[in-house]
Amino acid sequence: KDLYEGITQVIQSEGISPKSIKRIAIAGNTTMGHLLMGYSCETLGVYPFTPVNIGTIQCGFEEMFGGIEGLDGALTDAQIILLPGISTYVGADISAGMLSCGFDKAEKPSLLIDLGTNGEMGVGCKDRIMVTSTAAGPAFEGGNISWGMGSVKGAICGVEIDGDKVKVNTIGDKPPIGLCGTGVIETVSELLKAELIDETGMLDEDYFDDGYPLAKTPDGDEIVFTQQDVREIQLAKSAVRAGVETLLLRYGIGYEDVDKVYLAGGFGYKINLDKAISIGLLPEELHDKIEAVGNSSLGGTVVYLTEE
């Protein structure tokens with residue numbers, strides 16, 4: 001229903017005739033694809049993690065959307081294509097992301113890192129691609145963080161600590177109501193720089209029990225960053241960093257051999273690369289090669305529909 005409403009909103013906002021829509025491409029992770037198609041998800045979370053179908057799936061518009069009340073019959077000529085995944089934990093969103101970033105045409109190996117609950121990544125070029133997935137947890141999307149939230153207006157996305165003063169930036173410049181993923185990364189980086197957390201991730205004893213205060217909500221509640229929050233981001237960033245190191249090792253290349261690094265995913269607003277590197281999320285050696293590409297999954301569906 002949400003997909004259908006989104007499709008109709010795009011059509012209406014652009015003044016497009018529904019009858020002109022001939023193909024609709026969908027890219028999502030394996031679980032989302034299974035839920036959308038009504039497949040059983042029982043085998044996805046238990047070894048050997050066998051998906052029902054991760055190949056290219058084609059169906060008619062009526063087959064997927066036919067049960068929706070008030071369905072616009074003008075769209076029924078459109079063909080639905082679910083893009084293929086690679087494995088249960090590297091789904092069509094990553095396939096689409098690599099397509100969006102031109103892996104199939106690249107002469108030199110590039111690296112795609114998708115920061116979400118699963119930190120999926122792929123390395124390769126037109127000759128060979130290898131992928132992996134790491135259990136990063138939801139910290140990059142604001143999950144399991146005391147004041148964590150998605151990338152919505154009012155979410156803190158930038159943090160600067162200068163002595164006793166804290167300056168925060170929020171999405172849309174709205175009053176602060178929580179922290180999105182980039183705000184989490186920036187907070188840890190600034191706390192580390194201010195020596196308020198040590199090299200092990202231990203928060204200064206002044207803030208150990210109640211957390212470090214960042215800002216106040218419009219209701220006067222204190223938005224704080226706690227010791228447990230530090231541990232959550234440590235788990236997430238170490239999983240991603242370990243994945244990058246292992247993938248490059250298995251591929252047989254070093255940092256110097258990577259042509260470009262594409263950073264994608266639901267980690268929030270525009271990421272500060274210097275701060276991400278300062279907490280060890282990404283290697284310093286790759287700094288000048290990193291490009292934030294936003295929603296590469298959606299970008300891949302555009303490439304599929306317009307260039308294939």
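Predicted model: local features only at pLDDT ≥ 70, side-chain atom pairs only at ≥ 80, totals over all residues.

Colleague: What is the volume of the largest pocket?

Modeller: The largest pocket has a volume of about 940 Å³.

Colleague: How many residues line the largest pocket, and which lie nearest its centre?

Modeller: Its lining comprises 38 residues. Nearest the centre are A27, N295, S297, L298 and T301.

Colleague: Which element supplies the largest share of that lining?

Modeller: That is α8, with seven residues. Elements that each supply at least two residues include α1 (2–14), β1 (23–26), α2 (30–37) and α8 (296–307). β4 (110–115), β5 (118–124) and β12 (261–265) also each supply at least two.

Colleague: And how does the lining divide by class?

Modeller: The lining of the largest pocket has 16 nonpolar, 17 polar and five charged residues.

Colleague: What about the second largest pocket: how much space lies in it?

Modeller: About 280 Å³. It is lined by 19 residues, and G28, N29, M32, G33 and L82 are the closest to its centre.

Colleague: Which element gives the most there, and how many of the lining residues are charged?

Modeller: α2 gives the most, with five residues. The lining of the second largest pocket has no charged residues; 11 are nonpolar and eight are polar.

Colleague: Back to α8. What length does it reach, and what would be expected?

Modeller: α8 has 12 residues and reaches 15 Å from its first C-alpha to its last, close to the 16 Å expected at 1.5 Å a residue.

Colleague: Which residues of α8 are buried?

Modeller: S296, S297, G300, T301, V303 and Y304 are the buried residues of α8. Viewed down the axis of α8, they fall within an arc of 160 degrees, so they line one face of the helix.

Colleague: What covers those buried residues, and which exposed residues does the face turned away carry?

Modeller: The cover of the buried residues includes β1, β3 (79–82), α4 (92–100), β4, β12 and β13 (290–294). On the face turned away from the buried side, α8 carries the exposed residues L298 and T306.

Colleague: A change of topic: where does E141 lie?

Modeller: E141 is in the loop between β6 (129–135) and β7 (155–162).

Colleague: Lastly, what separates E141 from L249?

Modeller: Their C-alpha atoms are separated by 28 Å, and the two residues are 108 residues apart along the chain.

How values were computed
Residues numbered from 1 in each chain as written. Heavy atoms only, no water. 1 Å grid on protein atoms, 1.4 Å probe; cavity = no way out; pocket = protein on both sides within 12 Å on 5 of 7 lines; lining within 4 Å. Points joined across faces, edges and corners; volume = space filled by probe spheres on them. Helix = DSSP H or I, 4+ residues; strand = E, 2+ residues; numbered from the N terminus. Nonpolar A, V, L, I, M, F, W, Y, C, P; charged D, E, K, R; others polar. Expected span 1.5 Å × (residues − 1). Buried < 20%, exposed > 50% of the residue type's maximum accessible area, 1.4 Å probe, protein only. Arc of directions from axis to C-beta. Contact = heavy atoms within 4.5 Å.
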